[in-house]
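Please read them alongside the entry shown here.

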Amino acid sequence: MLTGIAVAVPVWLFLPRGYEAVVWLRIRASGTLLTEGRSAEYDAYRKTQLQLLRSPVVLNAALRKPGISSLRMITEQDDPQAWLARTIEPVVQGDSEVMQLKFRGAVAEETAKILNAITSCYLDDIVNKDRQDRLGRRDQLEKKFKENQTELRSRRETFNDLARTLGTR
């Protein structure tokens, strides 16, 4: 019995209290193909995504979401943005493209709401914005390609007309 108490007391004292919310995200650089080894470029991309997740842009956007800034867990903090940056825990295992995003808090519902807000802002402000930028660039390139094709077609017609006029064709 004494041994049981000796084990139970430290476990009770040092066991983390509260709740943990977890989100799984896939971090994959666009246009990458599966290769045997990871490139240094991909490693840099992955580290950048981890930093962007904790960035003031994402965390402040999460705090501005309706209902988030009024949560007790947030109002108890002197600097909510800095507290979120310290509390959120992105974890990537080895060379995996999957990131586990953990957030611990005292209130289960608030913990989940905060993590969902951070995840949503990361996806909207970072991932989807990056995608929209790439799609916009692609659209510009397609437009320029069509313009160049039209101009080339016109110049070929002019060239062929001149060649026929001169009798070289």
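1. The largest nonpolar core comprises 29 residues; such a core is a set of buried Ala, Val, Leu, Ile, Met, Phe, Trp, Tyr and Cys residues joined through side-chain atoms within 4.5 Å, where buried means under 20% relative accessible area with a 1.4 Å probe, protein chains only. L53, I74, L84, F103, I114 and I118 have the most contacts inside this core. Two or more residues come from each of β1 (19–26), α2 (40–53), α3, α4 (72–75), α5, β3 (98–105) and α6 (108–166), and α6 gives the most, with seven residues. Helices here are DSSP runs of H or I with at least four residues, strands runs of E with at least two, numbered from the N terminus.

2. This is a predicted model, in which local features need pLDDT of at least 70 and side-chain atom pairs count only at pLDDT 80 or more, while totals for chains, interfaces and linings use all residues. Residues are numbered from 1 along each chain as its sequence is written, and side-chain values use heavy atoms, with hydrogens and water left out.

3. Which residues does I114 touch, leaving aside its neighbours within four places in sequence? I114 is in contact (heavy atoms within 4.5 Å) with I68, L71, M73, I74, L84 and F103.

4. The sheet is open and has three strands in the order β1-β3-β2, with antiparallel pairing; strands pair if DSSP finds at least two bridges between them. β1 and β2 stand at the edges, each with a single partner strand, so one side of each lacks a neighbour in the sheet. Eight bridges join β1 to β3, and W24 stands opposite Q100 in β3. Strand β2 (residues 89–92) is joined to β3 by four bridges, and E89 has K102 as its bridge partner.

5. A hairpin is formed by β2 and β3, with five residues between them, and G94 in its turn has a positive phi of about 50°. Of the eight residues of β3, six are buried.

6. Helices cover the strands: α5 lies across β2 and β3, at about 125° to β3, and α6 lies across β1 and β3, at about 20° to β1. Axes are lines fitted to C-alpha atoms, for helices over the stretch in contact, and angles run from 0 to 180 degrees between N-to-C directions.

7. Helix α3 (residues 56–64) packs against helix α5 (residues 80–87) at about 115°, with the axes 10 Å apart. P56, L59, N60 and L63 of α3 meet P80, Q81, L84 and A85 of α5.

Notes. Buried means under 20% relative accessible area, exposed over 50%, partly exposed in between (1.4 Å probe, protein chains only).
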